Amino acid sequence: MVLYGVAALAVCMLAGTLVGEVLGIAVGVDANVGGVGFAMIMLVLVSHWLRGRGKFPEPTEQGVLFWSAMYIPIVVAMAATQDVAGAIAGGPMAILAGLGAVVAGAALVPVLARIGSPAEPLPPQDADEKQEV
Amino acid sequence: MDTLVSVFEENDLVVAFALVGGLMLVSGWLSKKLSRGRLHGSAVAILLGLVLAYWGGTVTGGEKGIADFAVFSGLGLMGGAMLRDFAIVSTAYGVDLKEIKRAGLSGALSIVLGVVLSFVVGVVIAALFGYTDAASLATIGSGAATYIVGPVTGTAVGASSDVIALSVAAGLVKSVVVMVGTPLIAPLIGLNNPKSAMAFGGLLGTTSGVAGGLAATDKRLVPYGAMTATFYTGIGCLLGPSLLYVTLRAVVGG
């Protein structure tokens, strides 16, 4: 049943978020520490385990894949609801501070990616795959 | 007209689905016609979304972009943190845990380095603009990390409300720049594999920025970048008002 996949996803997200909140309280910060990350790891482990036992059939899988396919439209909706006007109204200092942080962070990506064993690029997508979201 | 508006307002989430569908359709067409597919349809859609958000913000004076128009309020639900995180988690389905383990060290390192780096850049820029007190500097530095870390630090160290507002603006700029800029800089920084995506998520940290930027670059990288970015704000809130602020106060004195 498709809903089983959606429900599994929901349980993973709730559990992960809860872990992130508890971790935040434990280290004394008013923020969720890695909740989404924990949820993702849970989903990977749980789905892998269930698949191995034949308990994660195709329809269940579809319930997860539907939300994965909804990801880009959701991000587009997120973009349309950002406070872009507020960001620009912050003036040159806010713009420079934000921009500077991005440039500095991006510049270090190749340096950090070199730590440990090298990684191969993902296989290229063809034009249809790029459009299909 | 009134009937139309009330139907739209009562079914706001459904309006959002239709609206984003239309936006994606236009974006896919623009991507094919204008850039011959070089700029992904999703990148164009995110860009159009940001333009609409800017327009909505200037017309209504609100903080939720185009969702401040009541008929488009469903976009706020569709693009809000709940469904965004739900969709991000779902992208992890089928991810290879070996890839994550392989990038574990550089991923973890990138988070701490990313917070410290953003903080330092923010502090330096704030100092150039004439701020001298540790509380204001630390708040703007934290805002350069993410727009959540800024106010958390600002409140903790007792910064003034206009400085806190500036820190939020700095964080918003960062998130918007990452959304728009990632597909453009991806080839330059080797952002084409899970490992560099994890380093990218940790160094930039803004969940919305990384989520949008990687979606516009290559959707397959999203789970890896999101995995590290999700720890960033928490680490930032931990380090900002404590270690980073105390160190900064020792340097600038008060």
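Helices (H or I, at least four residues) and strands (E, at least two) are DSSP runs, numbered from the N terminus. This is a predicted model, in which local features need pLDDT of at least 70, side-chain atom pairs count only at pLDDT 80 or more, and totals for chains, interfaces and linings use all residues. Residues are numbered from 1 along each chain as its sequence is written, while chains are lettered from A and ligands numbered from 1 in the order in which they are written.

**View 1. Chain A contains seven helices and zero strands.** From the N terminus on, its elements run α-α-α-α-α-α-α. With a radius of gyration (taken over C-alpha atoms) of 20 Å, well over the 14 Å that the globule rule (2.2 Å times the number of residues to the power 0.38) gives for 133 residues, chain A is more spread out than a compact globule. Along the principal axes, the C-alpha atoms of chain A fill a box of roughly 55 × 45 × 40 Å.

**View 2. Chain A is assigned domain 1 (1–71) and domain 2 (83–114).** These bounds come from an automatic or database domain assignment. The C-alpha centres of domain 1 and domain 2 of chain A lie 30 Å apart.

**View 3. Chain B is in contact with chain A.** Here 102 residues of chain B contact 72 residues of chain A (C-beta atoms, placed from the backbone, within 7 Å). Helix 10 (residues 161–185) of chain B supplies the largest share of the side of chain B that touches chain A, namely 14 residues.

Note on methods. Contact = placed C-beta atoms within 7 Å.
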